[in-house]
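Biologist: Please put the model up, and let us go through the terms used for it one at a time.

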Amino acid sequence: MPVPKISLPKQLNHWKPVSPATFTSAQRPHTTLLFGGLTPAHEKLIQGGLSALGYHSAIIPTPTQYDFQTGKELCNYGLCNPGYFTGGALVNYLLDLENTGLSKAEIIQRYAYLTATSPCGPCRFGLYQNELQLALEYSGYKGFRVLTIEQKPSLWGDTRLGLNVNSEFSLTLLYALLIGDLLNQMAYTIRPYETEPGETNRVLMKSVDYMSSTLATINAFSHDTSAHDTAAKRKTTNKASSKYFSRVKLLSQWFNFFAGQNRKHILTALHQVGHWFNDIEIDPLRLKPVVKITGEFWAQTTEGDGNFKLFEFLESEGAAIHNEPVATWLDYLIHMERLKNKDQTQLIDKDEIRITPMDKIKAWMRYKKKQIALELIQYQHASLYNAMRRALYNLPSPLINQQQLESLGHGYYHSRARGGEGHMEVAKNLYYHLNHLAHMTLSLKPFGCMPSTQSDGVQIAVQATYKNMIFIPIETGGEAKTSALSRVQMALSDAKVKANNEWRTTLQECGLSIETVQRVIQQHPQLIRPATCLTLHHGAASVAANLAYHIKQILPSLTR
Amino acid sequence: MQKDLLIGLDIGSTTVKAVVITRDEKTLLWNDYQRHETRQREKTLELLRRIEHELSYNPKRYAVFVTGSGGSDIAPLIGAKFIQEVNAVVLAVRARNPDARSVVELGGQDAKIIIFKQDPHTGSLTSHPSMNDKCAAGTGATIEKIAKKIGLSMATLATASYYPHAQALVNIAAKCGVFAETDVVGHLKAGVPEEQILASLFDAIVTQNLAVLTRGHTLLPKVLLLGGPNTYINGMVEAWQYHIHKLWQERQVILAKNATIEALITVPPYSQYYAAFGAIEHALKEGDETINAAAYQGTATLAQQLQHHPRHNNKPNAGNALWRNRDELHHYLKQYTPKPFRPIVLSRGSNVETFLGIDSGSTSTKAVLTDIKGNVIAKSYHLSNGNPIQEVIACIADLERHAQHCGAKLHINGVATTGYAKEVIADIIGADTRLVETVAHTLSARHLYSNVDVIVDIGGQDIKLIMLKDGRVSDFRLNSQCSAGNGYFLQNTAQAFNIDIKHYAATAFEAQAMPVFGYGCAVFLQSDIINFQKEGWTKQEILAGLAAVLPKNIWLYVSKIPNLSTLGSTFVLQGGTQYNLAAVKAQIDFIEHKFIGTDTVPRIIVHEHCGEAGAMGAALEALRLYRNGQPSQFIGLKRLKRIQYRNTRNEHTRCHFCANQCLRTFTDISTDIKVDIKPSPVKASHITPHPSKLTLAPGHERIISGFSCERGSVENINVMRVIKHNMDQTLKATPNTVAEMQCQAFKATPVIAAMPELAGIKRLFAKRIIKNTLKNRDYRKNLTIGIPKVLNLYSLAPFFMAYFQSLGISPRNIRFSNTTSQQLYKKGIKRGAIDPCFPSKLAIAHLHDLLTRVHAKKPLNCIFFPMIDSFPGPLTQVSARCACPTVTATPEAVKAAYTAETNLFAKHNISYVNPLLNLDNRPLLRQQLFQALQHLLKLNRYENDLAVSEGLKQLEVFDKQFRQRGQEIIDQLEREQQFGFVVLARPYHNDPGVNHGILQQLQQLGYPIIAQDALPNNATFLKKIFGPELAQTPQTGPMAINDVWPTAYSENTSRKIWAAKIAARHPNLVAIELSSFKCGHDAPAYTVIERILAATKTPFFTFRDLDENSPDASIKLRIETIDYFLKREKNTLLCTRNPDFSEIFSTQKKHNNHLQQ
């Protein structure tokens, strides 16, 4: 046979993904942004924030086992569970909308999905957008808009022009996230000790509604409806003055959020919420093992089937929970960015390309400026969080310093390795153990979670060093719930023994009997207000033991 | 009344155990251990009633404590307190065996290991328990299933011994119960004795539990073996004793003098009741309050609850039944209940011309006899008993009996075989051809039905989906190794419920609702079954639910085709599982549901010989060959009956001609049967006698099977050499860049020494610096560095070789661990504490190899295991070039494993260096390496910087060299108009231990293999490949993937996608994807890669979920199918993808036709 001439590929139609539909500013008034995936408290608050920014929004309910199965059917095989849960929840929500009489085309036209991706590293989370598009396509919603907050213009340009991700947007969402974190923590801290079952949840719901409406009515934002308009204005006006004005505007916004009216407005509302929580009747002498929750971001945050409703289960089994705020994750991201920038500052000299001394100075200045900005952001973030904590009587736990976490975990898991919590999981376990803040650590992760699984491997060495540490990793997901709950029970039994021992030792050390403690708190009911007894820390993990230490300290003054 | 009698109940996944103890003296009054056969509540009720009756005490004297996986729901019904089972066991051990330091408890569905550690200061003991999280592999359930499979009675199982077989074990994957069964089927077919299989299973279970559940700890003496399997199966105990003792020797554990292993690793009395004892111990420890709170409330509530079973709508996960209404079910059954097969009545005294097809499958053997028109005259089906030859003889005897019954005589004009044992059977009976299973199934479906679009074949272990277009195979999907969703799982579950598989459908149709199972892994399904039983679902409902999950497993798990309507409209369901009408109903509903909203109504046909479709296809092929004039080699019915043979499979039959060390089967057949043994590649006169370890009896000939490469087909070393020579010739003529890269990457290369050349003011100090450098280079000459040959080092080793060489370290002193093998893995994996992907787990074993073998040969000063965070790479417009986080962090997990108990690096005086490296950022890389190695290597910055540059330069050289090689191969493919495979895989898939020799098998078949990193990227090639596209989308360069994958941050994923783009654009390239189980970075790109390749009809084959199991049979089937498909469809494919070829091909065809005329 003669050798054929190869002339490629003129006739072949190569696959290209469908170009994503654009969300324009003109569509904003008649488009509902769907979002979900966090806790109900966070979601409600974000809804308030979005409303203040001028967006219509709706919350996708906490994903269930059914959503997981839907997601598994529609997304790529081998994806991690958060993708299946959230993808399935979105599709099922749209199908429910369709059942109300809307056509697919109407749904595609009137709704868009807003989510976040992971800028932290090569974890699968960064690819969820693709998975969502796939699930939507398979379920007949081809062309449905999926907008990510971090999205950058791609080959198809900027497809989220209607979403104005400016500093107002970011700071409003930051408010919502921090408030959500703190309110959830309030509930987890108080609920195990409440004397009237359901009271904490009632207060939580009331507080979330109140804070959400507070966020929604905050009116310090300028509703900039079009990124295009701004860009167009910039073109027509003097470049230098435009730059100057936009910087002034940015600074004033920052000031407003971190130190000005907005902050004051929010803190005042939080004070009110703090009162409501502090009014809950509690019995702090219930001996509860304290369980620190850590692990993969979504698995440790969600309050549904995504982690077998483990928080509810733990509380029903007699534990008190220290959940993890989203704020720690934000703090971590800022911290990593700082470190990366610091590296670059130090490497200017090492660059192979020869640059002039002036270029070196310019580069140094650039990195330094960024460094200062990042440090300021990190400081402001922590400062805002702490101010909100104070408004809530310091009941939620403080953010752990990232430097401290780094130094605790780095020896076991390189703190610069990307992809998720990595060293932080190790460090949090150590932090809570060494500071006697919890009796056990429960690390939650989806099946096959890459960084979190490796972190479990590293914890073997940690446990070998700290022999009385109770650490249990649990893979969460759609299957094997019975076994997972049983394993949690197993560790919790040990934690209960630990809490019992701690309580006995405390009473011995304090020279107190249970009767004495009971008598003192009967005589001094102010001691058992949440704001008093749940914020104590005298070196024990349980509330009761810390209260005993406290009573020992103040007993002379009380009896005087 | 005082509670002075304490009941301890352990309600497990397969049994209920009960003990009654007096509170004061702890006297055991009553005990029993009963299988509940999935009726936990009923059995508990029965035991409690017996306690009440047989002990006849006042029930008010009892307090009751419950433990076990099924205990928490039952406890409130009898007033009991629930205690978690591991905690119960810990308490029992502490009370009954305070000297125990480790406990291994095997249950029906779970396995637990508890390690007690003593605080050196206080002497107090802390327990470190671990239990399997979701997978039931390595537990009693697996043992029982396999014993049933082998056909052993419980009595034989109990007395089976481990020791006689400890040195001659066969490979069984205990990681997954389903895989284990697949392996066992293979061994049974190959004639491995039952005892040897059982011993191998014990061994696999022990190894698996030691690797996963010890979480890096050593089981110290005294070790207690608890739970049912350890109590009742002697061989299991022996396997534990053997392995734990070996571990103690390896780890130099000091044992008490004069203590025997049997005393140190022991099964204590009442070992099966420890959890029940522990539940009571818990109460005793807690005191009066707890005991009084657990007052026994009698059996009334439990009995009542059983009578008034809660309806399904109260249960979570409820779905509808398999039918919507009775009419619909009736209609369905009327339409799909198969008509009984009536063999064709042959005319008395006739001599019938027939064709025989034999399908020797995984769970059964089938034979079909057709006439000259292809009509099925008779068929036979025999369930596998592990002896395929005997089964074939029995099947053929059935067919002959039919002819005799009719008074006719059979004349078999042609025979073809298919299925797992097709080769051996063909050799023995003289078959005319051996047919790949997929082909056989296609032939039969096409023969019976017109316009078939999709064939869905669900066998015992295999799922095959064959897509057809215009009567030709256009694509196919096979399950890789996981047989979730096959018929065997349904059969097993039915057996567990004591239901004959024939009554499965009738039972499942009784259900008016069913639980919704999550589809996927069979062990998860198993776990769901336990869960649903706990929730109160009945066996009818569970069987219905399982039938409903079958199509999901076929279409969503195995084939990942949610959009069925794109495949066509005519579906033929075949394979033995289709006899199960519940499974068929579920499939029909699923398929029909997927067509809702389209204009098409699917036509779904159940093959009228669904169980024998493969055998029928084989018979049709024999008929075709006959028509083509091929004379039959069949030995004839008379001689078939006289076949006498003996199977041997033991250490004497093991092949030592390559590293695979296959355990083969020798089938010795008496020579009055002329067997069709493949002609020897050498003349007999050239063969010097070479004695066999297994003497061949006079008058016999030997057939060898069970080998993975051709070398294993002979015993004689001289013949093997010739075979090897021929194989080598094939390999030489067929390039494999993956294998070449694997060898080349770890070799020394000429490098420039990192000697500083100083300029400017630094020159003033030059003398001193150079003097120091020279001195330090001398120091480094004697340093030995060990590097594990794993993960990304398969692509980055040239950098490190050059870096260290450049610094003056002799290449001889850069020592790598061995290439991965099963032996290396098994030896070293026991320190593993987690279960990540196989390539990551392997690192633990490679470190073991470095510490034990390499270090013993020549002491290592350092083990260097870098954490690669990012790569350099040729792709453009990517967001980042990150490595996978699992791979990056593996060195940290390995460090933990080797330092948790004792710092083994310090013990061997070795420094463990695992710096985090960013190879895409040269200044940062320099800094990272300098910080990590400055003290160990006595480095100065200048030489470090130079060495880094040299390393990166050599990496480029390596890259260029292979891209050039890739270009040569593609040129050759174009010249010869052949197909070559582009391998879409990660660097560590170059490791033959990770790719399971798949690529080499393809190479053996004559397909050149091109690694994705060996694809050319020179301007000419890229221009040719992308041509006008470059002008159409200027934002996308030829080295960019942003047109198809906007989120490109994982470098190896990006490279896979780029390689897929190239393969999709070149008519001579086909693609093969290798992907490991749990690969987090591959999964999101599966669909994109499939779509890129499907758009240009590029043949694309996947081997996903690769792990430590090497499913040889499944791999072989897939490779045979790929080969058949490519050879058969070659011209069509080349024409479709290259119009120029089409033109030339048609000219050539016309030319040939002209010549023929």
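**Terms and the values behind them**

Modeller: The crossing of H1(B) and H13(B) is left-handed. The model is a predicted one.

Biologist: What angle and what distance describe the packing of H1(B) and H13(B)?

Modeller: Helix H1 (residues 40-55) and helix H13 (residues 300-307), both of chain B, pack at an angle of about 150 degrees, and their axes are 10 Å apart. Two packed helices are described by these quantities, the angle between the axes and the distance between them.

Biologist: Which residues of H1(B) and H13(B) meet?

Modeller: From H1(B) come B:Arg41, B:Glu42, B:Thr44, B:Leu45, B:Leu48 and B:Arg49, and from H13(B) come B:Leu302, B:Ala303, B:Gln305 and B:Leu306. By class, this contact of H1(B) with H13(B) has five nonpolar, two polar and three charged residues.

Biologist: Why is the pair B:Lys594 and A:Glu73 called a salt bridge?

Modeller: The side chains of B:Lys594 and A:Glu73 meet at 3.3 Å, N to O. The cut-off for a Lys nitrogen and a Glu carboxyl oxygen is within 4 Å, so the pair is a salt bridge. Between chain A and chain B the count is five salt bridges.

Biologist: How many residue pairs are in polar contact between chain A and chain B?

Modeller: There are 15 residue pairs in polar contact, both residues at pLDDT 80 or more. On the side of chain A that touches chain B, H17(A) gives the most, with eleven residues. The residues of that side divide into 35 nonpolar, 27 polar and 20 charged.

Biologist: What area is buried between chain A and chain B?

Modeller: About 8500 Å² is buried, and carbon and sulfur atoms give 61% of it. The contact takes 82 residues from chain A and 107 residues from chain B. The size of an interface is often given as the accessible area lost when the parts come together.

Biologist: What makes the peptide bond from B:Pro221 to B:Lys222 cis?

Modeller: Omega of that bond is near 0 degrees. B:Lys222 lies in the loop between helix H7 (194-212) and strand S9 (223-226) of chain B.

Biologist: What is phi of B:Asn258, and where is this residue found?

Modeller: Phi of B:Asn258 is near 65 degrees, a positive value in a residue other than glycine. B:Asn258 is in the loop between helix H9 (234-250) and helix H10 (261-264) of chain B.

Terms used: Residues are numbered from 1 along each chain as its sequence is written. Chains are lettered from A and ligands numbered from 1 in the order in which they are written. This is a predicted model: local features need pLDDT of at least 70, side-chain atom pairs count only at pLDDT 80 or more; totals for chains, interfaces and linings use all residues. Side-chain values use heavy atoms; hydrogens and water are left out. Contact means heavy atoms within 4.5 Å. Buried area is the accessible area (1.4 Å probe) that two parts lose on being put together, summed over both. A polar contact is a pair of N or O atoms within 3.5 Å; within protein, one must be able to donate a hydrogen and the other to accept it, and residues adjacent in sequence count only if both atoms are side-chain atoms. Helices (H or I, at least four residues) and strands (E, at least two) are DSSP runs, numbered from the N terminus. Ala, Val, Leu, Ile, Met, Phe, Trp, Tyr, Cys and Pro count as nonpolar, Asp, Glu, Lys and Arg as charged, and the others, Gly among them, as polar. Axes are lines fitted to C-alpha atoms, for helices over the stretch in contact, and angles run from 0 to 180 degrees between N-to-C directions. A crossing is left-handed if the near helix is turned anticlockwise from the far one by less than a right angle, and right-handed if clockwise.
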